[in-house]
Amino acid sequence: MPAALRATTLGASPVFRAMPAPTTTPAATHQSRDAALRMLAFGIAFATLAGSLVTSFLFSPEAIDSGAVVLWPACSFRQLFGSPCPTCGLTRAFSALSHGRMQDALSYHGAAPVVYAGFWIGALASLLAFLSAARQRYGLLRKTAPSSH
């Protein structure tokens, strides 16, 4: 049944009457599009950050070190210049932190605890921003004034 029809009953059988199409203002259309784009951006951010954190729980640093698990291609910076890049060791350090091994994490990368905490904060913030945009997009936050009868 098309959304533009509304059933009313006259006697035993319903009678369908055409309803006017809902009108949207340009401002409402712009807000809806803006909310959709924010949902996309924050959804991608959340998926990236949370995916990294979930992966760190799934694999041990030893599995990554031994090559039993290959999560990324070899570091191209290290291959080109012969020295580690600023992020070398973070994957193993994240894995160590996710398994409760702070000393191992610090041996892989000294800044790992700070970056790891940043990933958790970023994942939570992007999830909350995504949910806020979704509520705005789908009208779940609209407050109605209490009726005074």
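Student: Leaving aside its neighbours within four places in sequence, which residues is A35 in contact with?

Tutor: Contact here means heavy atoms within 4.5 Å, and by that criterion A35 touches A133, Q136 and R137. Before going on, bear in mind that this is a predicted model, in which local features need pLDDT of at least 70 and side-chain atom pairs count only at pLDDT 80 or more, while totals for chains, interfaces and linings use all residues. Residues are numbered from 1 along each chain as its sequence is written, and side-chain values use heavy atoms, with hydrogens and water left out.

Student: Where is A35 found, and is A35 buried or exposed?

Tutor: Helices are DSSP runs (H or I, at least four residues), numbered from the N terminus, and A35 is found in helix α1, residues 26-58. Buried means under 20% relative accessible area, exposed over 50% and partly exposed in between, with a 1.4 Å probe and protein chains only; A35 counts as buried because its relative accessibility is 0%. The C-alpha atoms of A35 and Y138 are separated by 9.0 Å, although the two residues are 103 apart along the chain.

Student: How do α1 and α6 pack?

Tutor: Two packed helices are described by the angle between their axes and the distance between the axes. Axes are lines fitted to C-alpha atoms, for helices over the stretch in contact, and angles run from 0 to 180 degrees between N-to-C directions. For α1 and α6 (residues 112-137), the angle is about 150° and the axes are 8 Å apart. Angles under 35 degrees count as roughly parallel, over 145 as roughly antiparallel, 65 to 115 as roughly perpendicular and the rest as oblique, and α1 and α6 are therefore roughly antiparallel to each other.

Student: What angle do the axes of α1 and α4 make?

Tutor: The axes of α1 and α4 (residues 90-98) cross at roughly 70° and come within 8 Å, so these two helices are roughly perpendicular to each other. In this pairing, L53, S56 and F57 of α1 meet F94, S95 and S98 of α4.

Student: Which residues of α6 are buried, and what do they pack against?

Tutor: The buried residues of α6 are A112, Y116, A123, S126, A129, A133 and A134, and they pack against α1, α4 and α5 (102-108).

Student: What span should α6 have?

Tutor: The expected span of a helix is 1.5 Å times one less than its number of residues. The 26 residues of α6 should span 38 Å, and its end C-alpha atoms are 36 Å apart, which agrees. After α6 comes G139, whose phi is positive, near 70°.
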